[in-house]
Amino acid sequence: MKKEIVCSGIRPTGNIHLGNYFGALRNFVKMQDEHDCYFFIADYHSLTTHPTPEHLYANARQILVEYLAAGLDPEKATIYLQSDLPETIELYLFLNMNAYLGELERVTSFKDKVRQQPNNVNAGLLTYPTLMAADILIHKAAKVPVGKDQEQHLEMTRTFAQRFNNMYKCEAFPLPQAYNFGGELVKIPGLNGSGKMGKSEGEGNAIFFVDEPAVLKKKIMRAKTDSGPTQPNQEKPEEIKNLFQLMKVVSTPDTVAYFDDLYNKCEIRYGDMKKQLAEDMENFVAPFRERIKELGSDEARLNRIMDMGKEKAHESARRTIDEVRHIIGYRN
């Protein structure tokens with residue numbers, strides 16, 4: 001059976017944390033065995049925030065290292081830098097010719113960015129949906145893993161693909177569907193007592209795979225709690241539910257049951273629970289951290305992986321762009 005083509009971008013915006021892993025990343029690792037996957041590091045997209053040259057390369061390199069450490073396999077999936085694929089930018093140009101100002105200005109994420117950064121409303125922000133569409137359509141992807149905030153962009157990708165097909169009376173592009181992980185996604189709460197784990201709430205809210213043991217323990221010991229239950233089987237407040245949720249993903253079921261029983265009997269000591277959580281978290285994170293160090297120290301190996309990904313992605317993209325140029329009327 002022919003494998004479906006799946007495509008997804010990875011923004012180079014800092015280190016991977018526990019929420020990333022139990023969100024999309026763990027499922028990416030599964031997908032590479034079941035589908036023909038293209039995973040790219042979206043270093044062109046990051047230009048909308050004007051990173052320095054040093055940060056641009058360093059961030060992209062670090063994301064590559066950490067995703068490899070988490071289980072992405074360059075022998076199974078095509079992993080490449082977005083900037084290594086000039087065909088994407090050519091398709092981006094062609095799609096922009098048939099994208100209209102009104103529809104781009106109505107994109108929710110664009111309107112949000114206008115409010116957040118009124119002094120940097122650049123054309124890259126406006127045409128983000130067409131670049132995302134080019135990233136997907138350049139490989140003729142059938143499925144795209146997307147979060148809630150990207151669903152509108154995927155719908156626009158379908159619009160641009162259908163518009164091109166209609167305009168040139170062809171079936172050049174499939175209409176990609178959202179890849180829904182369903183119950184496989186696990187929401188990881190932050191350490192500040194509310195919401196999901198992420199960098200937007202500050203470094204102390206997230207457990208990163210690069211965190212050293214002392215840093216990791218310090219973060220967990222500072223996690224928000226309350227003064228403790230006052231009656232048996234009391235409903236847990238949000239910050240305590242969050243602590244138990246973190247324990248469920250890294251500790252044994254017996255450990256979770258032990259502290260849950262202490263809570264229900266009003267005998268729990270949060271300090272003891274946090275110490276156990278810190279120990280179990282270290283056991284979970286340590287293999288990733290060591291793998292990151294190992295991969296990060298081998299520049300030649302990383303270059304080989306990037307070159308291999310570039311070559312594999314180029315082969316796919318070249319076929320698409322040759323077809324598109326022929327359909328439009330250009331010589332190849």
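**Group meeting: strands, a helix face and some salt bridges**

Okay, let's start with the sheet: strand 2 (residues 36–41) and strand 3 pair in the parallel sense over four bridges. Pairing here takes at least two DSSP bridges between the strands, and helices (H or I, at least four residues) and strands (E, at least two) are DSSP runs numbered from the N terminus. To get from strand 2 to strand 3, the chain goes through helix 2 (residues 53–69), and this β-α-β crossover is right-handed. That term says that, with the strands pointing away from the viewer, the path from the first strand over the helix to the second runs clockwise.

Quick housekeeping: this is a predicted model, with local features needing pLDDT of at least 70 and side-chain atom pairs pLDDT 80 or more, while totals for chains, interfaces and linings use all residues. Residues are numbered from 1 along each chain as its sequence is written, and side-chain values use heavy atoms, leaving out hydrogens and water.

Back to strand 3, residues 78–81: Thr78 and Tyr80 point one way, Ile79 and Leu81 the other, and all are buried. Buried is under 20% relative accessible area, exposed is over 50%, and partly exposed is in between (1.4 Å probe, protein chains only). Across from Ile79 you'll find Phe39.

Now, which residues of helix 3 are buried? In this helix, residues 86–96, they are Glu87, Thr88, Leu91, Tyr92, Phe94 and Leu95. Looking down the axis of helix 3, these buried residues fall within an arc of 165 degrees, so they line one face of the helix; the arc uses directions from the helix axis to the C-beta atoms. They pack against helix 7 (128–137), helix 8 (151–167) and helix 13 (299–328), with contact being heavy atoms within 4.5 Å.

On to charges. The whole structure has 23 salt bridges, counted when a side-chain nitrogen of Lys or Arg is within 4 Å of a carboxyl oxygen of Asp or Glu. One of them joins Glu103 and Arg163, with the closest N and O atoms 2.7 Å apart. Glu103 sits in helix 4 (residues 101–105) and Arg163 in helix 8, so the pair ties together parts 60 residues apart in sequence. Glu103 itself counts as buried, at 15% relative accessibility.

Last stop: Arg289 and Glu290 meet in a salt bridge at 3.9 Å, N to O. Arg289 is buried at 5%, whereas Glu290 is partly exposed at 43%.
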